[in-house]
Amino acid sequence: MSDRTFELAAIDVGQSGVRMQLRAADGGSTQWRSPVGLDASSTASLKELAGRLRVACEGISARIVGIGVTGEHQDADLDRFALEIMDALRATEACIAHDSVTAHVGALSGRDGVVIAAGTGVVALGVSPSAVARSDGWGALLGDRGGGFWIGRAGLRAATAERDGTGPRTDLTAAAERRFGSLPALMPSAAQPSTAAVAAFAKDVLAAAESDDAARTIAEDAAAELARTTIACADRAFGADAAGVSVSAVGGVFDSPFIRSSWGARVRAAGLEERDPSGDPLRGAALLPSTPPAFFERTASRRVRPADRPRR
């Protein structure tokens, strides 16, 4: 990137990559993406990511920064991460929040409702006049049901089941071999694929869902899991007033017409009102600094300024 000053930098940190949008005062913008995301919730990973972003931001400045971050982190670690990005961009203020918050803001622009985000992982956030509730976001080991990693892993399991003779014939076996090479290369004794690589296989699984029984079953199960998470989040946030609540879906998994249609039918059958998202989590990161204070405070978002830097 060439030397330039921007009004706003919006950063969306996911498990499989990082996106940054730089917005100028005249309305112009430019976007940057890194294929390396935050694959763990450790302080070390945040530090490493801050270092990569500092290199990417060299020669760039922005007055305000909005950041959405996946995973669970201590407030102090988030503050340090935000301050590192502020230093790199010579910014005067940063707003940082969990990526479920930026997904919600991006999709519903701060209005009440439920937003489910399904990329590599899955998280839903419900915001009502009286409560804020989050569902899933437990990570690949414990949750992320219906997300990209979940779908990709199920596809690989279907392929290995065919090879073992314990599952039906499926086009996913050939698809897995095209993407990863021979199936034995995926065994624990070999170099196993990353979370992002397994999640990328979800595209192959969903593309095969119209013609392959195993892929279709996986896609149907994924849509059902995503709908259950959405409905549960609405119930937790809105209680007896959940009927008619606005729900929206964002993330790469919902780029699949099959997933979006099946998920939509299920949430509508539960009495919820499906709404097209106004934008994605990157839009939410851009809007975060101007989000009304009440919403900002209720969702545990953080506003960081240089004066917040810990004294040595």
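How are helix 4 and helix 5 oriented to each other, roughly perpendicular or roughly parallel?

Mentor: Please keep in mind that this is a predicted model. The axes of helix 4, residues 148-164, and helix 5, residues 172-180, come within 8 Å and cross at roughly 110°. Angles of 65 to 115 degrees count as roughly perpendicular, and helix 4 and helix 5 are therefore roughly perpendicular to each other. Their crossing is left-handed. On the side of helix 4, the residues in contact are Gly155, Leu156, Ala158, Ala159 and Glu162, and they meet Leu172, Thr173, Ala176 and Phe180 of helix 5. Of the residues in this contact between helix 4 and helix 5, six are nonpolar, two polar and one charged.

Helix 8 (residues 213-238) and helix 9 (residues 257-269) have axes that come within 9 Å and cross at roughly 40°. Helix 8 and helix 9 are therefore oblique to each other, and the crossing of this pair is right-handed. Helix 8 contributes residues including Arg216, Glu220, Leu226 and Ile231 to the contact, while those from helix 9 include Phe258, Trp263, Arg266 and Val267. The contact of helix 8 with helix 9 comprises 11 nonpolar, two polar and three charged residues.

Two cysteines complete the account. Cys95 counts as buried because its relative accessibility is 0%, and Cys233 counts as buried because its relative accessibility is 0%. The count of disulfides is zero.

Key. Residues numbered from 1 in each chain as written. Predicted model: local features only at pLDDT ≥ 70, side-chain atom pairs only at ≥ 80, totals over all residues. Heavy atoms only, no water. Disulfide = S-S within 2.5 Å. Buried < 20%, exposed > 50% of the residue type's maximum accessible area, 1.4 Å probe, protein only. Axes fitted to C-alpha atoms, helices over the stretch in contact; angles between N-to-C directions. Helix = DSSP H or I, 4+ residues; strand = E, 2+ residues; numbered from the N terminus. Parallel < 35°, antiparallel > 145°, perpendicular 65-115°, else oblique. Left-handed = near helix turned anticlockwise from the far one by under 90°. Contact = heavy atoms within 4.5 Å. Nonpolar A, V, L, I, M, F, W, Y, C, P; charged D, E, K, R; others polar.
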